[in-house]
Amino acid sequence: MAAELRDLVSRRGVMKRQITAFQKFFDNGNFSNPSTVMELGMRTTRLEAAYGDFLNSQTRIEILDPREEQLEERLAVETAYYETISPAMVFLESTKTNQRRASEASSRQGSADNMGRYDTQSTIRLPPISLPEFNGDYKQWLSYRDTFESLVHSNNHLPDIQKLHYLKSSLKNEAAQVIESLETSSANYVSAWEQLRERYDNNRKMVGIHIHAVCSMSPIAIASSVNLRRHQNGLNSHLRALKALKLPVEHWDALVIHLMVEKLDVESHRLWESSRSSDSLPSMQDYLTFLNQRCLILESIETRSTYGQAARPTSYDDNTNQ
């Protein structure tokens with residue numbers, strides 16, 4: 001038993017050195033180099049696997065040696081692990097998001113360029129283009145309006161008859177009813193777009209809808225990455241919309257954070273409060289960073305739990321084969 005305990009303690013020491021090595025790499029890496037970013041992703045995956053092995057070894061250590069100091073060792077390694085890997089996971093997630101946005105922007109620009117190469121003489125069928133749909137939901141109006149204006153309305157290479165076709169094809173339900181009485185003709189495009197803007201460019205109504213949506217966001221009963229991501233994305237979406245409507249949301253941090261923290265699950269609420277090390281007021285960026293780190297940790301735990309259940313062997317009663 002003593003030999004086994006020494007071996008397990010030695011493995012724990014290896015985990016500590018792996019955490020230190022990972023931290024040095026993350027602190028000193030040149031992440032403007034794509035290959036270094038890729039290496040960080042691989043190192044993160046490897047450290048997660050090593051942490052899973054550590055948990056198994058540490059549990060065995062505590063069975064063999066149930067002294068309080070062994071529990072303290074567990075807490076020390078867990079703290080070092082999460083403090084080291086969380087910033088790296090946030091950085092990787094941010095990098096993926098930026099790459100995705102750049103790709104989407106390039107795709108939209110390519111679609112607009114393709115449309116510009118068509119004229120009234122050569123167009124036989126509509127060029128491929130991805131447009132968002134709008135069904136009359138005020139919360140989606142700003143995003144729809146700006147995208148449509150960028151890709152279609154401001155495109156001088158498109159004739160009005162095509163613009164009206166794109167407009168009608170992208171409207172659904174209540175929004176489609178606003179211009180359904182207009183015939184599809186070049187003369188009606190400007191009128192159709194003006195009617196749509198008169199109907200939905202209602203800043204007072206949109207402000208009220210987004211503020212109500214923030215205040216009435218659902219409380220989180222169970223801590224999960226899905227629930228917290230929904231909370232984070234909803235808050236981000238409404239605040240961006242309010243900022244686009246020229247509201248001074250940058251001065252609302254204390255009020256909004258207070259409302260949002262009250263909607264967190266009990267454990268996330270506790271972790272948020274414990275993360276505040278001073279009396280200074282947190283910023284909205286502090287809160288969003290906390291949510292992102294919490295989601296990444298929960299995603300890692302949920303993934304490891306799923307894989308663990310899938311890999312667990314089924315036990316059989318030997319008597320069933322007799």
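The model is predicted, so local features need pLDDT of at least 70 and side-chain atom pairs pLDDT 80 or more, while totals for chains, interfaces and linings use all residues. Residues are numbered from 1 along each chain as its sequence is written, and side-chain values use heavy atoms, without hydrogens and water.

A pocket is an open set of points on a 1 Å grid over the protein atoms alone, where a 1.4 Å probe fits, with protein on both sides within 12 Å along at least five of seven lines; lining residues have an atom within 4 Å of a point. A volume is the space filled by probe spheres set on the points, which are joined across faces, edges and corners.

| Pocket | Volume | Lining | Nearest the centre |
|---|---|---|---|
| Largest | about 830 Å³ | 24 residues | Arg101, Gln232, Asn236, Arg240, Leu288 |

Two or more lining residues of the largest pocket come from each of α3 (68–116), α9 (225–244) and α12 (284–311); for the second largest pocket, α3, α11 (266–275) and α12 each give at least two. Helices here are DSSP runs (H or I, at least four residues), numbered from the N terminus.

In helix α10 (residues 253–261), Asp253, Val256, Ile257, Met260 and Val261 are buried, meaning under 20% relative accessible area with a 1.4 Å probe, protein chains only. These buried residues fall within an arc of 125° seen down the axis of α10, so they line one face of the helix; the arc is that of the directions from the helix axis to the C-beta atoms.

Notes. Buried means under 20% relative accessible area, exposed over 50%, partly exposed in between (1.4 Å probe, protein chains only).
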